Amino acid sequence: MDVADSLYDGCRPKIRRYWVRTPEDASLPGTEAAHQLVVCVRNKCTAEEALNVLRDLPNPLRDADAQTANAQAAPYNPLKIDVFVQTLLNLGSKSISHSFAAISKFHYVFKILAESEEAQICVLRNVWELWARHPQMVCVLVDKMLKTQIVECSAVATWLFSKKMAPHFTRSYLWEVLHLTIHKMNKHVSKLSGELSEAREALARADSSSSESEEEGAGGATGGTKKKKEGEKPSEEAVERMEERLEAAHMDQKRLFLIVFQRFIMILSEHLVRCDTDARDPDTHWYRSTVGRLRQVFLEHHEQVHKYSSTLETLLFTQDLDPHILDVFHQFVALTA
């Protein structure tokens, strides 16, 4: 058995209604399609064949009367995502390796069904519902989906701070997912930055080498090594594309931190207002834990957060914010000054 699979052994996923054959369950939307998909996947179907099984499922986000006329109106189909994710990951629940293989084989289907952020959050909810009794498996699967770009970092952050996850908010595994998500984004930005720096250096070396070659060529000598360096010269267009990708990555990184800190502010502010309204002491275990997690995000990712401190101060940590929350930001700014 794989070492990773040993984490998972003995803990089975929560079986959904699709595989409980009762008259009531059989009438639920998606049940028949789920059973068809099970047969299809076990018969080693292609991604296109799996999509074909899901094709005619109704979209709960649209009114029944408008389904035909407004076929393109809804941004995504939660029923299709529900049936596909629950069925596929349940079939792959024998081990982590089986789950990864299922995700890889049907990666195309995930990308088709989860184009928008709302759809990606729906995917994450289904992963959680299936593996809620084994949070470590949720961490592993979310990490895999981030690596394969099935879900974006912003979708993971929004999902973690959603109301449906509120009962689990103080659990350590949620914060493990949050930090691995932020680290994934930081690593992506760092990688693109390094590649751009190398490309710029190579371009500068090639230009310098070209100038030297022209001077030597005028004297009748041309070095083979210099020709090789010229052949490695990246084009200016390629460097520009790298700059654009890095700029987009910085925007995604800033958006991720804005989402995370905005959600922290919202839940802490709501808690303080409720306590003030009910004349209760706000200094509860939940409050101390959440403020501690906020500080942890600041400190663990201080290099990246520091780059956006002025934006955070302008948009989120404004003077009209509750002093208890604002103090956490001011402490961070003081430490990084």
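A salt bridge is defined here as a side-chain nitrogen of Lys or Arg within 4 Å of a carboxyl oxygen of Asp or Glu. The structure is a predicted model, in which local features need pLDDT of at least 70 and side-chain atom pairs count only at pLDDT 80 or more, while totals for chains, interfaces and linings use all residues. Residues are numbered from 1 along each chain as its sequence is written, and side-chain values use heavy atoms, with hydrogens and water left out.

By the salt-bridge rule, the count comes to eight. One of these joins the side chains of Glu-117 and Arg-255, with an N to O distance of 3.0 Å. This pair links distant parts of the chain, 138 residues apart, since Glu-117 lies in helix α8 (residues 117–131) and Arg-255 in helix α13. Helices are DSSP runs of H or I with at least four residues, numbered from the N terminus. For solvent contact, buried means under 20% relative accessible area, exposed over 50%, and partly exposed in between (1.4 Å probe, protein chains only). Glu-117 is partly exposed at 21% relative accessibility, and Arg-255 is partly exposed at 39%.

Other salt bridges lie within a single helix. Lys-191 and Glu-195 form one in which the closest N and O atoms are 2.8 Å apart. These two residues are four residues apart in helix α11 (residues 172–218), so about one helical turn separates them. Lys-191 is exposed at 51%, whereas Glu-195 is partly exposed at 29%. In helix α9 (residues 135–147), Asp-143 and Lys-147 are likewise four residues apart, and their side chains meet at 3.3 Å, N to O. Lys-147 is exposed, with a relative accessibility of 56%. A network of salt bridges links Asp-143, Lys-147 and Lys-184.

Aromatic rings were examined next. Rings of Phe, Tyr and Trp (its six-membered ring) pair if their centres lie within 6.5 Å; planes under 30 degrees apart count as stacked, over 60 as edge-to-face and the rest as tilted. The whole structure contains 17 aromatic pairs. In one of them, the ring centres of Phe-261 and Phe-298 are 4.5 Å apart and the planes are at 20 degrees, so the pair is stacked. Phe-261 belongs to helix α13 (residues 236–277) and Phe-298 to helix α14 (residues 285–300), so the pair ties together parts 37 residues apart in sequence. Phe-261 is buried at 0% relative accessibility, and Phe-298 is buried at 1%.
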